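I opened this notebook to keep track of what I look up, entry by entry.

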Amino acid sequence: MKKIAIYSFLFAPLFLGSCSLFELDNYDEPKETIRGVVVDKATGEPVLTDQGSEGIRVRMKELSWGDNADYNPDFYCMPDGSFQNTKIFEGYYHVTVDGPFIPLIREVEDTGVPIADESMELNIKGVTEVKFEVEPFLHVEWAAEPTVSNGRITAKVKVTRGVDKQTFRDKIEPMNPGAYTDDYLNVTDIQLFVSYSSTVGYRARDERWSSQIEYTGSAFEPLLGEPVTIKSLGTIPSGRKVFIRAAARIDYPTAEIKRWNYSDVMEIIIP
């Protein structure tokens, strides 16, 4: 009996202390919504993107907790340049986007001295609508209707600059004085992404059929504004419906990634 009494006495604090493990979280579930779109400042058209980390990143920090608050988990735009997050706590936030366009937040890399800040600070309560106007690096569009022969797609793509060279330099060079190079503006590749999915892109592509053309140095410069022919790989089975998108990028990273600018999506029936 003594042993039983001693053991009961020793374990009692453990049971009392463990009660907190079973307490319910009394915080309300986040239920506010931020909804927005990223558009070309010059045209007002949505900036088309990939649906993943190679696309347009949305980054938020709740300022209600002070300057040292951590960033919320990043999320990404849909292919049409829109975004939505329905699980946000009510509060005051800093919101910015990173993608294939002139960075909204620009500062001197070595010192952190601010140069420009086109991000937003806003109260999020209920459904909050936002629109970011940006300067995309490139415009990518179809130059003609794609054709299909023997299970292969032939597409003509036109790539033009979304921001002129001088404006690009004026905004990018001060971020890292002395390290700027005109090579940043070189178009490095054109992609033809092919997929059964309507969200076709780098993240949703079929590698059997998707293709690319790579360029070195300034080799693409004479092709700006001109139709460029690109063909799919392999043989797509007859009777299938696939989706295609074209993409191109320059030799300059944003948020450490060289991101593509995209065309719209086209649906193709393989005869």
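This is a predicted model: local features need pLDDT of at least 70, side-chain atom pairs count only at pLDDT 80 or more; totals for chains, interfaces and linings use all residues.

Residues are numbered from 1 along each chain as its sequence is written, and side-chain values use heavy atoms, with hydrogens and water left out.

I looked up an open sheet of 4 strands and found the order β3-β2-β5-β8 with antiparallel pairing (strands are DSSP runs of E, at least two residues, numbered from the N terminus; two pair if DSSP finds at least two bridges between them). The edge strands, each pairing on one side only, are β3 (75-76) and β8 (120-124). Between β5 and β8 I found 5 bridges, and Tyr92 stands opposite Asn123 in β8.

Next I asked which element gives the most to the lining of the largest pocket. I found that β5 does, with 4 residues (a pocket is an open set of points on a 1 Å grid over the protein atoms alone, where a 1.4 Å probe fits, with protein on both sides within 12 Å along at least five of seven lines; lining residues have an atom within 4 Å of a point).

Finally I turned to phi. Most residues other than glycine have a negative phi. Asn150, in the loop between β11 (147-149) and β12 (152-161), has a positive phi of about 55 degrees. Ala255, in the loop between β16 (241-250) and β17 (261-262), also has a positive phi, of about 50 degrees.
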